[in-house]
Structures are given as C-alpha cells and as structure tokens.
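Trainee: Please take one part of this model and go through it closely. I would like the loops, with a helix for contrast.

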Amino acid sequence: MKKSVYEMVTEKVMEQLEKGVVPWRKPWINGGAVNWKTQKPYRGINTFLLEAGEYATFKQIQEAGGKVKKGEKSHIVVFWKWLEKEDEESGKIEKIPYLRYYRVFEINSQVDGLESKRKELSFDHDPIGKAEEIYKGFMNAPDYTFHSGRAVYYPGIDQINCPPLKDFPKAEEYYSTLFHEMIHSTGHKSRLARPGVTTNNVAFGDEVYSKEELVAEMGAAMLCGVAGIDNSTIENSASYIHSWLRSLKEDHRLVVQAAAQAQKAADYILGTEEADEE
Ligand SMILES: [Zn+2]
C-alpha cells in the first residue's frame with residue numbers, strides 16, 4: 001500500500017528523534033538544512049525531515065548541470081497547499097489546507113557536478129569566563145567536537161558534538177547548549193550511570209528518555225546559574241522543560257526525581273559532589 005504523506009512525515013520525524021535530534025530547541029544558526037539555490041533554511045516540519053545539508057530537486061540539479069549519484073535515495077520536503085471549496089448552500093469559498101510534498105537530494109553528498117553555495121554567518125563573541133571555567137573544569141570529561149549543525153551526546157563513543165560559539169547569535173545559548181550535552185554525558189556508565197543514558201535503544205517519548213531530557217535541561221539551567229548567565233536561557237529552558245512535562249503527563253514525582261539527578265550531575269561536573277555528601 002502506498003504510504004500517505006502523513007505516514008512518511010511521521011516515520012521521518014521518529015527517525016530523527018530516535019537519533020537524539022530535538023528540533024524545537026535549536027539556538028544556533030549554521031549548518032542546518034537549506035535550499036541549495038536560495039540558501040534559505042527550511043522551516044517547521046521540514047527541519048525534522050532533513051539533516052544538515054543543501055537540497056535541490058532532481059530538475060534543479062539537471063538544469064544546473066549536476067547528476068544524482070547512482071542509487072541515492074531522495075528526501076521529502078513538505079508544504080501546505082490551499083484547496084478552494086465552494087460551500088454548496090452558502091456559496092461561500094472555503095479554503096482547506098492540504099499537505100503536499102516534493103523530492104530533493106543533498107547536493108554535497110548525493111550529487112556530482114554541483115558546488116556548495118554556503119555562506120555561513122559568524123558571530124563574534126568573547127567567551128564567558130565563568131562558563132569556560134565550568135567547561136574546562138569538568139574532570140573525567142567525554143571527548144568533544146565542535147562541528148556546526150548538531151548538538152548531541154553519543155554514549156557509545158562517549159563524545160559530545162556542540163556547534164561552535166560563532167554559530168550562536170547569543171553566547172549564553174552556546175553555553176546552555178554545551179552544558180545540556182555535558183549533563184547527558186554524566187549519565188555515562190563510567191560516571192553516574194543514569195538509565196536514560198546507559199539503556200540501549202531508548203525510544204523517544206517514553207518515560208526514561210523524557211526524564212533524561214529533563215535532567216539534561218535542568219542540569220544545564222543549574223550550571224548556567226552557577227556561571228551567572230542571564231535568565232533568558234533559563235526561560236527557554238523552562239519552556240523546553242514544559243514541553244517535556246506535557247509528555248510526562250505533568251507527573252510531579254518525576255520532576256522532583258529529575259531535579260535531584262540534575263543536581264547530582266551538575267555537582268559531578270563542578271567537582272563538588274563529595275563536599276555535598278559529607
Ligand atoms: Zn538532550
């Protein structure tokens with residue numbers, strides 16, 4: 001049976017989420033998915049559907065003299081179209097939205113003969129001293145890479161990738177993002193061994209996963225507090241936490257547990273855990 005657009009979208013979204021990409025929290029700008037021709041970033045649901053890259057349709061690629069590599073599979077981009085329907089009784093025109101899609105390929109990895117048009121923005125920030133101290137003071141830390149486009153912690157290889165400072169319009173957002181991933185890394189089996197990190201194949205949306213996200217975000221907010229970073233990121237964190245709370249059915253017991261774990265994780269990074277246990 002042919003899949004509906006909705007099924008295709010849902011499938012892709014779940015794939016992304018299972019990879020640990022949380023699309024409603026992206027305070028950096030470079031390295032996302034853009035339209036190759038216009039260099040405009042994709043928005044809304046399409047940010048779930050496409051990984052970082054520059055995308056063009058088969059026709060655009062052909063017209064520009066490129067060639068899709070053999071065996072490459074297309075990605076889908078969706079958009080709303082408005083269908084006009086006349087109400088039989090009132091004669092009024094009703095506009096009904098319906099979802100359409102088209103297919104695209106990523107020109108750097110899937111196409112021969114086309115060149116990247118990327119012009120990346122860069123923000124000039126001074127590092128925030130106290131926040132840098134926290135980052136550098138994390139003993140037994142994971143490995144770090146700083147490539148554009150994705151904030152993620154990989155428990156398997158114990159490695160964090162955080163977009164670089166220059167990709168964030170606000171320096172505070174960089175540290176809040178980095179701290180979020182650092183908190184995740186404290187769940188590694190060699191550190192505090194939290195189930196949300198040590199459990200394999202945790203499905204998005206289940207309790208273990210949601211709780212780990214809460215721990216990471218609350219822990220990051222705590223570290224931001226220690227670093228004296230202004231409240232705007234904490235407000236963002238709050239709304240982010242709220243979206244998780246809804247998925248946890250506002251279970252306050254879980255929130256209290258997650259807060260305790262977040263405190264432990266923040267203490268671990270700050271090296272204050274022993275002092276607290278005495
Ligand atoms: Zn996270």
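Mentor: Start with Glu-88. Glu-88 sits in the loop that links strand 4 (75-86) and strand 5 (93-106). The model is predicted. The relative accessibility of Glu-88 is 83%, so this residue counts as exposed; the cut-off for exposed is over 50%. Glu-88 also belongs to a surface patch of negative charge.

Now the backbone at two other loops. Gln-39 lies between strand 1 (33-35) and helix 2 (46-49), in the loop there. Gln-39 has a positive phi, near 60 degrees, although the residue is not glycine. Its relative accessibility is 23%, so Gln-39 is classed as partly exposed.

Asp-158 is found in the loop between strand 8 (152-154) and strand 9 (159-161). Phi is positive here too, near 50 degrees, in a residue other than glycine. Asp-158 has 15% relative accessibility, and therefore counts as buried.

Last, the helix. Helix 5 covers residues 171-185, which makes 15 residues. Helix 5 is mostly covered, with 15 of its 15 residues buried. At 1.5 Å a residue, helix 5 should span 21 Å. The expected span uses one less than the number of residues.

Definitions and conventions:
Residues numbered from 1 in each chain as written. Predicted model: local features only at pLDDT ≥ 70, side-chain atom pairs only at ≥ 80, totals over all residues. Heavy atoms only, no water. Patch = residues over 30% accessible without salt bridge, like charges linked within 9 Å, V, L, I, M, F, W, Y side chains within 5 Å. Areas by Shrake-Rupley, 256 points an atom, 1.4 Å probe, with all protein chains shown as cover. Salt bridge = Lys/Arg side-chain N within 4 Å of Asp/Glu carboxyl O. Lys, Arg positive; Asp, Glu negative; His and termini not counted. Charge placed at Lys NZ, Arg CZ, Asp CG, Glu CD. Helix = DSSP H or I, 4+ residues; strand = E, 2+ residues; numbered from the N terminus. Buried < 20%, exposed > 50% of the residue type's maximum accessible area, 1.4 Å probe, protein only.
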